[in-house]
Amino acid sequence: MERLTASCLLPLALAASVAYSAVILDNGAPIMWAQAAARVSELPVQNNILTPNPWNFTHRMGFYRMMIAATDPFMGCMGTGATESPIWGLPLQFGWMLTSGRLADPTGATTCGLETGDAMCISPQSWWGCVNHFVTALPFLSAAQQGIFGQGVQVQMQAPEGSEGYCTTYTDCSTSYPNVMMKWDAFFQGLNASTNASLPENEKKDSILGLYWDAHMASLQAAAACRAKQSHYSAPEVNFAFNWLNSAEYVAAANFQSTLEKSAMFLAPLPGRVLQEGDQAPNIADMTPEENHMLSVFSWMTYMNTITGGALVRMWRSIMCSAAMREKGREMLEQLLLNPGFAKNTFFSIITSMGTSC
């Protein structure tokens, strides 16, 4: 049985050093990080209940800033740096959605999210903004319920004007999406429990990453509720959105540690604008080779999984069955997504030849 070794993988130094067009960092931090709330006391309050507006970019970015700050004391097993938490990937991804225009009103009926209108507005009609709601508002409500921000913190999110279907409280979200809230509760509870666990640090790390990605994927699966909003986009953008969701299956199964540095490397080649009719990677003229490569790989991953009847994702999950194999899987994903010299067929042949390796 063939096993993946480091010698199978080519250096990433060149790929990691290339400048891409997607804007995801501002002075080394997520977009608008300095303007986002750093503590719950900075959020609006009514009758002793926090009432943030998740349809304002800085409010929603603040959810991430507060969750990272409140959970960092439990993340020692992730590493010694200040940006080792897996939660860092979410605010970087959220910033990319803003700068690429994906949080704006795709119907054109309002100026929400446009530079010529309210640039900090997140349109409830945006598919991307809707999906992001499930990995922002829901975990924030869970964190508050689990006492991550202190005991007795109550939250009532503001509802988007003229739009229905978005839960606004812990009770409301638990009723509508019980599995999602249960998974996020388990993640925050697991962080607390890890401080008293006698496991080696690497096992704690793998366990916490597993809980995090279980919750993350539960949120993305529940975001199927956003599907109708895809009717506002071009066919290439809808295909990209589907491929983007499919890629999360591989990242999650490998327990990817989405630190700020690692996430920036993976997010930088994402398309810096909404795709239009006629866009077809790898030949989109106004996009960089790196953007075209990432779009092509995403499309290939979905195509191969489709023609195999879902077998590619199932095989990937089956071999990501130990901490050692997940580490090798993360190395493979880096090569596939970031190194144009790494043949896609090599990725497929390695997976099919490995079988179950645990």
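Is C77 buried or exposed? C77 is buried, because its relative accessible area is 12%, and buried here means under 20% relative accessible area, with exposed over 50% and partly exposed in between (1.4 Å probe, protein chains only).

Before going on, keep in mind that this is a predicted model, where local features need pLDDT of at least 70 and side-chain atom pairs count only at pLDDT 80 or more, while totals for chains, interfaces and linings use all residues. Residues are numbered from 1 along each chain as its sequence is written, and side-chain values use heavy atoms, with hydrogens and water left out.

Now for the cysteine pairs. Count a disulfide as a pair of cysteine sulfur atoms within 2.5 Å, and you get 3 disulfides.

Start with C112 and C121, whose sulfurs sit 1.8 Å from each other. This link is left-handed, with -90° about the S-S bond, and both C112 and C121 are buried.

Next, find C130 and C226, joined with an S to S distance of 2.0 Å. The link of C130 and C226 is left-handed, at -80° about the S-S bond. C130 lies in helix 4 (residues 127-134) and C226 in the loop between helix 8 (201-222) and helix 9 (235-253), so the pair ties together parts that are 96 residues apart in sequence. Helices here are DSSP runs (H or I, at least four residues), numbered from the N terminus. C130 counts as buried because its relative accessibility is 3%, and C226 does so at 0%.

Finally, look at C167 and C173, a disulfide with S to S 2.0 Å. With 95° about the S-S bond, the link of C167 and C173 is right-handed, and both cysteines, C167 and C173, are buried.

Definitions and conventions: Helices (H or I, at least four residues) and strands (E, at least two) are DSSP runs, numbered from the N terminus.
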